[in-house]
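Please keep the sequence and the three-dimensional view at hand while reading.

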Amino acid sequence: MERKEKILEVKDLVVKFRLRGEILTAIRKASLDVYKGESLAIVGESGSGKSVFTKSFMGLLDKNGFIDGGKIKYMEKDLSTYKKEKDWIKIRGKEIAMVFQEPMTSLNPLKTVGKQIKETIELHRDIRGKSSKEEAIKILEDVGISKASMRYDSYPHEFSGGMRQRVVIAIAIACNPKILICDEPTTALDVTIQAQILNLLKRLKKKYNLTTIYITHDLGVVANVADRVAVMYAGDIVEIGKAEEVFYNPKHPYTWALLSSLPQLGKKGEALYSIEGTPPNLFEEIKGDAFAPRNPRALNIDFVKKPPYFSISPTHKAKTWLLDPKAPLVEPPEGIKNLNKYFGGKRDE
Amino acid sequence: MIRYTLKRLVQSLMTLVIVITIVFLLMRLMPEDGYFGDSYEKLDEVQKEAILEDMGLRDPIHIQLLNFYKQTLKGDLGKSIIYRPKVDISTILKSKIPYSLNFGLAAMFISLGIGIPLGIMMALNKGCFLDKIGTVYIVLINAIPSAIYYLFIQIYLTGSFNLPILFSVDRPLSFILPTISMSLGGIASYAMWMRRYMVDKINKDYVKLARAKGMKNRKVMISHVLRNAFVPMSQYLPSAILFTIAGSIYIESLYSIPGMGGLLVDAIQRQDNTLVQALVLIYSSIGIFGLFIGDISMALLDPRITLSKKAGGK
């Protein structure tokens, strides 16, 4: 991949939460560069901090959450210093927009879908009344709602889950954001609708020149949409690279484990692979490699010292001591060596 | 919407008919002494029978019921027997309603005017000082039987502020305490419900989405939270308001206010059967009407509500 312009640069971000008098560290010095026009997927199990990570780009952390270090650089501005609502509302929706995972509940049941889109347009653009209504109808058409001018006056409950997700997407793109964050956009939908929504997102990305960040634990979605993949574990990005690199040449033991648990790799009659143990307790300080306690191939140093990034290629890096020149040779598990068999076809789309 | 209103109207009318029937049947179980008034002692059995027969009370029960329906339909509530003998009940009520209405309206405005904003403020500043104070107030009002704090107010506040202890029309100062007493409960329950429904909505996904759109918190609160919290409120408010207006049974007797509430107590104590019957009828109609209005206003505010079975959506 040729070096592109960075649109978002997250450096050593630390996000903490106050919970019942204790401090929970959700994001532990995570860094991430997002390039203009790319499609990046952040994968990881539940509780790995992928949602919190992206929410912090929009100042949408819950009240008890706060940024405790690091930088979020967006267009020469450091978003991590934003405290006031006045500053954030210039970013939210206009620069960075978000599609949530629950289309059934993400729309206000008492307002027509048209109004909810129009409302967004009027927040950031200087049009009102009839022209913003026309704009809203145009966007509705854009997200594939037929008879948009009629549907403008429908209420969310008159729409199916897939159509509601289209409306949520319409709200997100209504003000031409530069970055679109899709937080598990297809989790709540059934499989046929999932594909439609993903195709829609891909089409809109091209049309509006969006940079998209997908948050998902569905590796099928990743294979379908992502140029690059970031693997998140316990609040840090442990491996990042082009989708092919992460899928076909994974380096971090956690990525191995994650890929091994793909249902497609299961053999008939055998239990599916699952990762032993539970994610670390985020209330405590984590020493060394956070994944070490669950990693059957962990080295001694994994328990003592946090690994830095080791580059595998200019675009691919991972945080594991296995990549240290002095490390013993540890082979990835057998099952995930021929993953192109499963994803090879899809990637060419 | 029109269909919904009509259906709901028919349902309400049916409920009303059932209520009328039950009230009628219950009244037949009351001792018959209540039909003779002061002359009770002087009458012998034959005379009593004659009076009952004259009033139609010896007719077969279904005829009586039919007559009662007809009478009620014409708006004729009957005549009082003991309370003010031979006077039309509607005449009695006409003299009572203004008092209840005045106090009721005053109490309603005070409790809405304080209770709703208080609930909103509490929800917006959840966990802060105002919220805590408000919660203590709500718990106290709900936990202590109202009879007790009404009495305390009457006894201690009249003493310390030199206010009249009983109501009298030409002393404006005597309006103060009953109105305050009537408002206290309303303030507590309006604030409690308002706060609860708002807190409910604040955590909804669409509120998060509204924020993610770049909407100011203030605007989110007004156009997404408050608006939506008013849907459940709108169902409950009309009956609460109607009952406040209809007068408080206890406060009216406590301050000797000649209103509707005090009248019911009087009528029951003095066994004025027809008057009790009429009053119970009025109060239950108010209840049914309140629910009807509540349902209609909720349907006006919430597009999802229809009475049909096929209606989907959560």
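In chain A, helix 10 (residues 253-260) lies across strand 3, strand 10 and strand 11 (236-242), and runs at about 100 degrees to strand 10 of chain A. Helices (H or I, at least four residues) and strands (E, at least two) are DSSP runs numbered from the N terminus. Angles run from 0 to 180 degrees between N-to-C directions, with axes being lines fitted to C-alpha atoms, for helices over the stretch in contact. The model is predicted: local features need pLDDT of at least 70 and side-chain atom pairs count only at pLDDT 80 or more, whereas totals for chains, interfaces and linings use all residues. Residues are numbered from 1 along each chain as its sequence is written, while chains are lettered from A and ligands numbered from 1 in the order in which they are written.

Strand 3 (residues 39-43) and strand 10 (residues 228-233) of chain A run parallel and are joined by 4 bridges; A:I42, for instance, has A:A230 in strand 10 of chain A as its bridge partner. Two strands are said to pair if DSSP finds at least two bridges between them. Both strands belong to an open sheet of 8 strands in chain A, with the order 7-8-9-3-10-11-13-12 and mixed pairing. Strand 7 (96-99) and strand 12 (310-313) of chain A stand at the edges with a single partner strand each, so one side of each is left without a neighbour in the sheet. On average, neighbouring strands of this sheet are turned by 20 degrees against each other, direction ignored.

Chain A as a whole contains 11 helices and 13 strands. Its radius of gyration, taken over C-alpha atoms, is 21 Å, close to the 20 Å that the globule rule gives for 349 residues, so chain A is as compact as a globular protein of that length; the rule is 2.2 Å times the number of residues to the power 0.38. The C-alpha trace of chain A spans about 70 × 50 × 40 Å along its principal axes.

Of the 349 residues of chain A, 44% count as buried. A residue is buried if 20 or more other C-beta atoms, placed from the backbone, lie within 10 Å of its own. In soluble globular proteins, nonpolar side chains tend to be buried together. The largest nonpolar core here has 143 residues, and A:A170, A:V222, A:V229 and A:V231 have the most contacts inside it. Such a core is a set of buried Ala, Val, Leu, Ile, Met, Phe, Trp, Tyr and Cys residues joined through C-beta atoms within 7 Å.

Chain B comes to 12 helices and 0 strands. Its C-alpha atoms fill a box of roughly 85 × 60 × 30 Å along the principal axes, and 32% of its 314 residues count as buried. B:G259, in the loop between helix 10 (249-254) and helix 11 (260-269) of chain B, counts as buried because it has 28 C-beta neighbours inside 10 Å.

Where the chains meet, the contact takes 20 residues from chain B and 22 residues from chain A; two residues are in contact if their C-beta atoms, placed from the backbone, lie within 7 Å. On the side of chain B that touches chain A, helix 8 (205-212) and helix 9 (217-245) of chain B each supply at least two residues, and helix 8 of chain B gives the most, with 6 residues.

Conventions. Buried ≥ 20, exposed ≤ 12 C-beta atoms within 10 Å, placed from the backbone.
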